[in-house]
Each structure stands twice: as structure tokens, then as C-alpha cells.
Amino acid sequence: MNAELPEIVKRPSPNASDRRGGVSPDILLLHFTNMTTAEAAVERLCDPDVVPPVSCHYVIAEDGRLWQLVPEDKRAWHAGHGCWGAVDEVNSRSIGVELANQGNHPFPEPQMRVLECLARGIMDRWAIPPERVIGHSDMAPHRKDDPGPRFDWRRLALQGLAVWPGSGAQAPPEDFRKLTARLGYGAEFSDADVLKAVRLRYRPWARGPLNAADMAVLADIAERFPVDQKRVRA
């Protein structure tokens, strides 16, 4: 799908800093705002008096309007405590995108089209592979649930902008933590929190204890998209 970004409204947030250690971003982190309007989210993300102060790189409204609050080469304050693969200071290694949504309804078509175009550009500029496009709930499963069960990860995956499981893989339940570690989920989180995050992303309808369908998802993605695989940049 070819699309162009709308005009980007620049609204610089004071809540930003240099990336620690001079690193470059290699994670694209998606959120929902959980606020009544996109404008309210922008105001909060630019407010130096909010405790703790927060920000992100981009905000996308339901109708596709787009704000940039922090330059991509700077560290926005959007991730908080958590990890993804070997990365335990996610703010310094990520670009954060906030989607105006309270988590209780689908993400509208104009918003998704802008996200897809924006994500494609970010991934190209910073050589971010699809296995490193994640939700806040992936890197912080103990405390976050965004972008939530209504977000269409499969749609992104069909365009090479995220990952999605195939079929036919199998693994025993005792491999649960070995496989989730290969996906990127941290060992510091409980089995229950990790299972919740996996299902939120890939099987939001699932309930009850770990089952064979959960393990099939993990086995397939762990085989095809290990988060810290070595890759050669073309």
C-alpha cells in the first residue's frame, strides 16, 4: 500500500533528552493514548509539570492528523520500566508512537493508514526489522496493555511492518519461557504476565491456562523472528 504522510504538525515537547550512550533507535514502540482526544494527549505529552514528565515522538489522531513532539534522534520519555530482548533501557533505543484511542474500539482507517506510512519511513531510516515493532504491553507486560486487543497487528504484518504467526508449529508447554525469551519477553516478568501479553497481541480472545495454540504461536515466531538475531544490513 503506497501512501503519503499528511502535514506533520511540529509541537516540540520539553520532555526529551539525548539518547544514553549515543545509541541509535532500533525499536518502534506503539501505544494508545487512553485520553479523550488526541489534542489532550499532545498537551499532556508537552507539559513539563506533569509528574512524572512524559513525551513521545509522534501522536496520530483518529482522523489521521499527525504531530511530531520529539525528533527521532532524541530520547522521548514514553516507555518507562521494562525490556525487550537484550534492551533494558527502552527509551534510548526506541521511537514511540501514540495512537489516539482509549483501548475500547477499533483503530480507524485514516489513523491506520498514517501509522503504516509513518512506520515504513521510520523502519527504513533506522533499519528497524519487523520483530522489533512492538506494543507497550510487550516490553512492560506487568503494567501495560496498550495498544490493546483492538489493534490490528496482522494488518501491519501483512505489509512487513510487524510479525504474525503462521501455522503448523508445535512445542511442549515446558518450552514456554525459552520461546518467549526468543521473542523478546523479559525473564523478570511472571509467567502469567507474559502469557497475558502474548495473548493480547496474538490471541486476544483466548482465556484459561496456557494451551497448545499459545505454544504454536510462540514456536512459529521464535523460529522465524527471534528478536536479537544477528542481521546484515544491505
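1. A residue counts as buried when its relative accessible area is under 20%. In this predicted model, Cys83 has 6% relative accessibility and is therefore buried. Cys46, at 8%, likewise falls in the buried class.

2. The cysteines form no disulfides: the count is zero. For Cys46, the closest cysteine sulfur is that of Cys56, at 8.2 Å, which is too far for a bond; a disulfide would require the two sulfur atoms to be within 2.5 Å.

3. The largest nonpolar core comprises 29 residues, and the members that touch the most others are Met139, Tyr185 and Tyr202. Two or more residues each are given to this core by strand E3 (27-32) and by helices H5 (176-183), H6 (191-202) and H7 (212-224). H7 provides the largest share, with six residues.

4. Which residues does Tyr185 contact, leaving aside its neighbours within four places in sequence? They are Trp84, Asp138, Thr180, Val194, Ala197, Val198 and Tyr202.

5. The packing of H6 and H7 deserves a separate point. Their axes lie 11 Å apart and meet at an angle of about 80°, so H6 is roughly perpendicular to H7. On the H6 side the contact involves Leu195, Val198, Arg199 and Tyr202, and on the H7 side Asp214, Val217, Leu218 and Ile221. By class, six of these residues are nonpolar and two are charged, with no polar residue taking part.

6. One runs from Val51 to Pro52, with omega near -10°; Pro52 sits in the loop between helix H1 (38-45) and strand E4 (58-60). Another joins Asp146 and Pro147, with omega about 10°, and Pro147 belongs to the loop between helix H3 (136-139) and helix H4 (153-158).

7. Positive phi values also occur in residues other than glycine. Asn34 has a phi of about 55° and is located in the loop between E3 and H1. At 47% relative accessibility, Asn34 is partly exposed. For Ala127, phi is near 55°, and the residue is placed in the loop between helix H2 (109-126) and strand E8 (133-135). Ala127 is also partly exposed, with 30% relative accessibility.

How values were computed. Residues numbered from 1 in each chain as written. Predicted model: local features only at pLDDT ≥ 70, side-chain atom pairs only at ≥ 80, totals over all residues. Heavy atoms only, no water. Buried < 20%, exposed > 50% of the residue type's maximum accessible area, 1.4 Å probe, protein only. Core = buried A, V, L, I, M, F, W, Y, C linked by side-chain atoms within 4.5 Å. Helix = DSSP H or I, 4+ residues; strand = E, 2+ residues; numbered from the N terminus. Contact = heavy atoms within 4.5 Å. Axes fitted to C-alpha atoms, helices over the stretch in contact; angles between N-to-C directions. Parallel < 35°, antiparallel > 145°, perpendicular 65-115°, else oblique. Nonpolar A, V, L, I, M, F, W, Y, C, P; charged D, E, K, R; others polar.
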